[in-house]
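Subject: Structure handover

Hello,

Here is the structure you will be taking over. Please open it and keep it beside this email while you read.

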Amino acid sequence: MTAAAAVVRAEGLVKRYHDITVVQDVSFTVAPGQTLAIVGESGAGKSTVAAMLTGLVAATGGTVEVCGEDRSRPASSARARRRRGRQLQLVSQDPFTALDPRQPIGSVIGEALAIAGRASRVTRPGRTAELLDAVGLGARHAGAVPRALSGGQRQRVAIARALAAEPEVIVLDEAVSALDVSVQAQVLNLLRDLQRDTGAAYVFITHDLAVVRQIAHEVLVLEGGRVVEHGSVDEVLSTPQQAYTQVLLDSTPRHGWKPKARVRAVSSPVG
């Protein structure tokens, strides 16, 4: 993939907190309409990479480009922040904490449209209805507050809010991990359909390789903040080249699954 074709380009990303390095030399690109899954155990650095992509965390080193724009530094103005919001949106793991508990869902979507400048005051109600319909929600949900919805419905609201900006990139940080399996499958199907219709690129942060098989085109495996494997989903998950990737695969629940203990080398005592 050429740099010009990529809507996301990360080069040599590093993140340190004092003397602790949590991300080290991470590079990847994402093309329009494609999904890159970033996987690894808890503490592997996945969400830190997502935070650097979205601008929530500044990189210690390396560069991040979204839609050809350098995001290594914070936006310098409100106009720049709005432009960045139209380029990239985030869907987090827990939509309940990301939504105002007192704000009706229709208002949530309408506000997102207003901030992104994607609809006028006159056209906003109609566009809000279209977005709710696109994620499988209806007019009756528009007046509901978040606590009146199920977890899956709240996640659909979060996706609709992200779509309101008509972004070229959506970062999904463990966006289905808290959902029941049946609801998770519905949301994954929704995301695939929306990607087909909008052409948006996804960066999908997850620890679940079963989900990766359903949603992603490429997968990047992180261990201890470093890339240990990167390639197409079929290549990496069918014929992993690294023992760590195999450990993750062995930890994925499936029919007849029995967990395998991770074996670590133990140094012989000196004496």
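Below are the findings, grouped by topic. Please keep in mind that this is a predicted model.

The sheet

An open sheet is built from four strands, and their order across it is β2-β1-β4-β5. The pairing is antiparallel. The edges are formed by β2 (20-30) and β5 (69-70), each of which pairs on one side only. Helix α1, residues 46-54, packs on this sheet and touches β1, β2 and β4. The direction of α1 makes about 65 degrees with that of β2.

β1 and β2 run antiparallel and are joined by seven bridges. Ala-10 stands opposite Phe-28 in β2. The hairpin of these two strands has two residues between them, and His-18 takes a positive phi near 60 degrees there.

β1 (residues 8-17) also pairs with β4 (residues 61-66), in the antiparallel sense, over five bridges. Two positions let you trace this pairing. Val-8 has Val-66 in β4 as its bridge partner, and Val-14 stands opposite Gly-61 in β4.

Salt bridges

How many salt bridges does a search of the whole structure find? The search finds eight. Side chains of opposite charge can pair when their charged atoms come close. Three of the bridges are described here.

- Arg-9 and Glu-11 meet through their side chains at 3.7 Å, N to O. Arg-9 counts as partly exposed because its relative accessibility is 25%, and Glu-11 is partly exposed at 38%. Arg-9 and Glu-11 also belong to a network of salt bridges with Glu-65.
- Asp-100 and Arg-102 form a salt bridge at 3.9 Å, N to O. Asp-100 is partly exposed, with 32% relative accessibility, whereas Arg-102 is exposed, with 72%.
- Arg-196 and Asp-193 form a salt bridge at 3.4 Å, N to O. Both lie in helix α8 (residues 181-198), three residues apart, about one turn of the helix. Arg-196 is exposed at 59% relative accessible area, and Asp-193 is partly exposed at 35%.

A buried arginine

Arg-156 is in helix α7, residues 151-164. What is the nearest side chain of opposite charge to Arg-156? That side chain is Asp-193, and it is 8.6 Å away. A salt bridge needs a side-chain nitrogen within 4 Å of a carboxyl oxygen. Arg-156 is buried yet has no salt bridge. Leaving aside neighbours within four places in sequence, Arg-156 is in contact with Val-135, Gly-136, Leu-137, Gln-186 and Leu-190.

In soluble globular proteins, nonpolar side chains tend to be buried together. The largest nonpolar core in this model has 49 residues, and Ile-159 and Val-212 touch the most other members. Helix α7 gives the largest share of this core, seven residues. Not counting residues up to four places away in sequence, Ile-159 touches Val-91, Val-135, Val-187, Leu-190, Leu-191 and Leu-194. A second, separate core has 25 residues, among them Ala-10, Leu-13, Val-23 and Leu-222.

Two further residues

Ala-162 is also found in helix α7. Is Ala-162 buried or exposed? Ala-162 is buried, because its relative accessible area is 1% and the cut-off for buried is under 20%. Ala-162 and Arg-86 are 76 residues apart in sequence, and their C-alpha atoms are 9.3 Å apart in space. Apart from residues up to four places away in sequence, Ala-162 touches Gln-89, Val-91 and Pro-167.

Thr-252 is found in the segment after α11 (243-250). With a relative accessibility of 12%, Thr-252 counts as buried. Thr-252 and Ala-139 are 113 residues apart in sequence and 38 Å apart in space, C-alpha to C-alpha.

Regards

Technical notes: Residues numbered from 1 in each chain as written. Predicted model: local features only at pLDDT ≥ 70, side-chain atom pairs only at ≥ 80, totals over all residues. Heavy atoms only, no water. Pairing = 2+ DSSP bridges. Contact = heavy atoms within 4.5 Å. Axes fitted to C-alpha atoms, helices over the stretch in contact; angles between N-to-C directions. Buried < 20%, exposed > 50% of the residue type's maximum accessible area, 1.4 Å probe, protein only. Lys, Arg positive; Asp, Glu negative; His and termini not counted. Core = buried A, V, L, I, M, F, W, Y, C linked by side-chain atoms within 4.5 Å.
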